[in-house]
Amino acid sequence: MMQKFLVFSSILLTPLAVVPALNAQETVSRAHFSQPLLIAQDAVKADPFFLTRAKNLARQAAERENGGLSQYRAEASMYGPAIDSPHVENDDGSVTFSFKGGAPGFVTPTLETVATVSPAGIVTLGYNGPIRPAAAQPPEPEPEPATAPDPIPQVPSQIIDQIQDLVE
């Protein structure tokens, strides 16, 4: 009787002992294959959180450089959704932010910051100082002029004559 119980128990418990071992082997075998490295150009598109992280890093670098939050605040767009922040995605996967700021509660900004954040999270301040004249700022792309719709095609007079004859 005991022998039947042991055989029966081993049959029932064998799958429970084998499944964790198989899962462990799968985990180990998967660990040998790493995910392909992202090329820098795909970094922003591959990581949907990169733009938000980059915006925060750029703003925080400006805050540190300008004396902390007790002395400096960036414009509101640098606190809102990252997609609304003034940024340009560069070919190398980095993101450049160009924003203004000033003393806490400012109405008119007094400082301008241009910060580039690499995919690795390294911030480089390209400019941090008084607001430059518009000529010194990177040019904004001009909207394409609206094209006029195609004029109504001119119908030859003989076709008009034929239509008039049909109507009469």
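Both Arg59 and Glu63 are buried, where buried means under 20% relative accessible area, exposed over 50%, and partly exposed in between, with a 1.4 Å probe and protein chains only. The two residues form a salt bridge, with the closest N and O atoms 3.2 Å apart; the term stands for a side-chain nitrogen of Lys or Arg within 4 Å of a carboxyl oxygen of Asp or Glu. Because Arg59 and Glu63 are 4 residues apart in helix H3, about one helical turn separates them. An α-helix has 3.6 residues a turn, so residues three or four places apart point the same way.

Before going further, a word on the model itself is in order. The model is predicted, so local features need pLDDT of at least 70 and side-chain atom pairs count only at pLDDT 80 or more, while totals for chains, interfaces and linings use all residues. Residues are numbered from 1 along each chain as its sequence is written, and side-chain values use heavy atoms, with hydrogens and water left out.

The secondary structure of the chain comes to 4 helices and 5 strands. Both kinds of element are DSSP runs numbered from the N terminus, helices being H or I with at least four residues and strands E with at least two. Read from the N terminus, the order is α-α-α-β-β-β-β-β-α. Of the 168 residues in the chain, 21% are buried. Among contacts with a separation of 6 or more, 47% come from residues 24 or more positions apart, a contact being a case of heavy atoms within 4.5 Å. The chain exposes about 12800 Å², and carbon and sulfur atoms supply 63% of that area; accessible areas come from the Shrake-Rupley method with a 1.4 Å probe, and for residues only the protein chains shown count as cover.

Helix H3 deserves a look of its own. H3 has 16 residues and reaches 22 Å from its first C-alpha to its last, close to the 22 Å expected at 1.5 Å a residue; the expected span is 1.5 Å times one less than the number of residues. The buried residues of H3 include Phe50, Leu51, Ala54 and Ala58. Glu63 also has its place in this helix, which covers residues 50-65, and its relative accessible area is 8%. Apart from neighbours within four places in sequence, Glu63 is in contact with Gly68, Leu69, Tyr72 and Tyr79. Just after H3, Gly67 takes a positive phi of about 100°.

Attention now turns to the strands. Strand S3 (residues 95-102) is largely enclosed by the rest of the structure, because 6 of its 8 residues are buried. Strands pair if DSSP finds at least two bridges between them. Strand S1 (residues 73-74) runs antiparallel to S3 and is joined to it by 2 bridges, with Gly101 in S3 as the bridge partner of Ala74. Strand S2 (residues 87-89) also pairs with S3 in the antiparallel sense, over 3 bridges, and here Glu89 stands opposite Val95. The hairpin of S2 and S3 has 5 residues between the strands, and Gly93 takes a positive phi near 95°.

Strand S4 (residues 111-117) is in turn linked by 7 bridges to strand S5 (residues 123-130), and the two run antiparallel. Leu111 stands opposite Pro130 in S5. S4 and S5 form a hairpin with 5 residues between them, where Gly121 in the turn has a positive phi of about 90°.

A search of the whole structure finds 2 salt bridges. Besides the pair in H3, Glu112 forms a salt bridge with Arg132, with the closest N and O atoms 2.9 Å apart. Glu112 lies in strand S4 and Arg132 in the loop between S5 and H4, so the pair ties together parts that are 20 residues apart in sequence. Glu112 counts as buried because its relative accessibility is 0%.

Ile159, Ile163 and Val167 make a nonpolar surface patch of about 280 Å²; patches are made of residues with over 30% relative accessible area and no salt bridge, like charges being joined within 9 Å and nonpolar side chains (Val, Leu, Ile, Met, Phe, Trp, Tyr) within 5 Å. Ile163 belongs to helix H4 (residues 157-167) and is partly exposed, with a relative accessible area of 48%.
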